[in-house]
Amino acid sequence: MCIRDSPSEPFTWASGWKSPIYCDNRIILSYPNIRDYVTYCLEKKATSMPEFDVVAGVATSGIAFGALVADRLKKPMVYVRSKPKEHGRQNMIEGHLDGSERVLVIEDLISTGGSSLKAVEALKEAGCKVVGVHAIFSYGFDVADKNFEEKDVRLTTLSNYDSLLEQALD
């Protein structure tokens, strides 16, 4: 359902990498029972994190899951764009922050970690303390682990590529 394969015509990820596998977690939103379960799992992981005040979704796929988690936890929610909006107030962060908040970032998927860490950097520039990043899925690339470690950002995921392969083989 969320996982597609196309060995003969690889997908291009946001990172620019080519892959025969594409994980599209946005499809989860169309299935209420699965959406509810994934939200529940993200919520449970969130409660094991250091205390936080605000949930931030990473645009675009992390926005819906961030909103769902924030709603369950009765926390304020913001979202972070990949770049400032080109019109209006030209915000990169949408929603209210005063700059002293502790923020939990929600992302749908981690390949290299670039999008998530860009959001983390924007939140830090706004004066916030980021307690970590939660994602639904990670491809488990060493480069992502290295990127999160270099930025001293805690990453947790619900699932990963190794688990996907295990399930596929079963």
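Me: What is a salt bridge?

Reply: A salt bridge is a side-chain nitrogen of Lys or Arg within 4 Å of a carboxyl oxygen of Asp or Glu. Side chains of opposite charge can pair when their charged atoms come close. The model discussed here is predicted. In it, R102 forms a salt bridge with D53, with 2.7 Å between the closest N and O atoms. This pair links distant parts of the chain, since R102 lies in strand β8 and D53 in the loop between α1 and β5, 49 residues apart.

Me: Which other residue meets R102 in a salt bridge?

Reply: The side chain of E51 also meets R102, at 3.4 Å from N to O. E51 lies in the loop between α1 and β5, and R102 in strand β8, so the pair ties together parts that are 51 residues apart in sequence.

Me: Is E51 buried or exposed?

Reply: Buried means under 20% relative accessible area, and exposed means over 50%. E51 is exposed because its relative accessible area is 58%. R102, at 28%, is partly exposed.

Me: How many salt bridges are there by this rule?

Reply: The count comes to seven. One of them joins R72 and E43, at 3.4 Å from N to O. R72 belongs to helix α2 and E43 to helix α1, 29 residues apart. E43 counts as buried because its relative accessibility is 14%. Salt bridges with shared partners join D36, E43 and R72 into one network.

Me: Which residues gather in a patch of negative charge on the surface?

Reply: They are D142, D145, E149 and D152. D145 lies in helix α4 and is partly exposed, at 45% relative accessible area.

Terms used
Residues numbered from 1 in each chain as written. Predicted model: local features only at pLDDT ≥ 70, side-chain atom pairs only at ≥ 80, totals over all residues. Heavy atoms only, no water. Patch = residues over 30% accessible without salt bridge, like charges linked within 9 Å, V, L, I, M, F, W, Y side chains within 5 Å. Areas by Shrake-Rupley, 256 points an atom, 1.4 Å probe, with all protein chains shown as cover. Lys, Arg positive; Asp, Glu negative; His and termini not counted. Charge placed at Lys NZ, Arg CZ, Asp CG, Glu CD. Helix = DSSP H or I, 4+ residues; strand = E, 2+ residues; numbered from the N terminus. Buried < 20%, exposed > 50% of the residue type's maximum accessible area, 1.4 Å probe, protein only.
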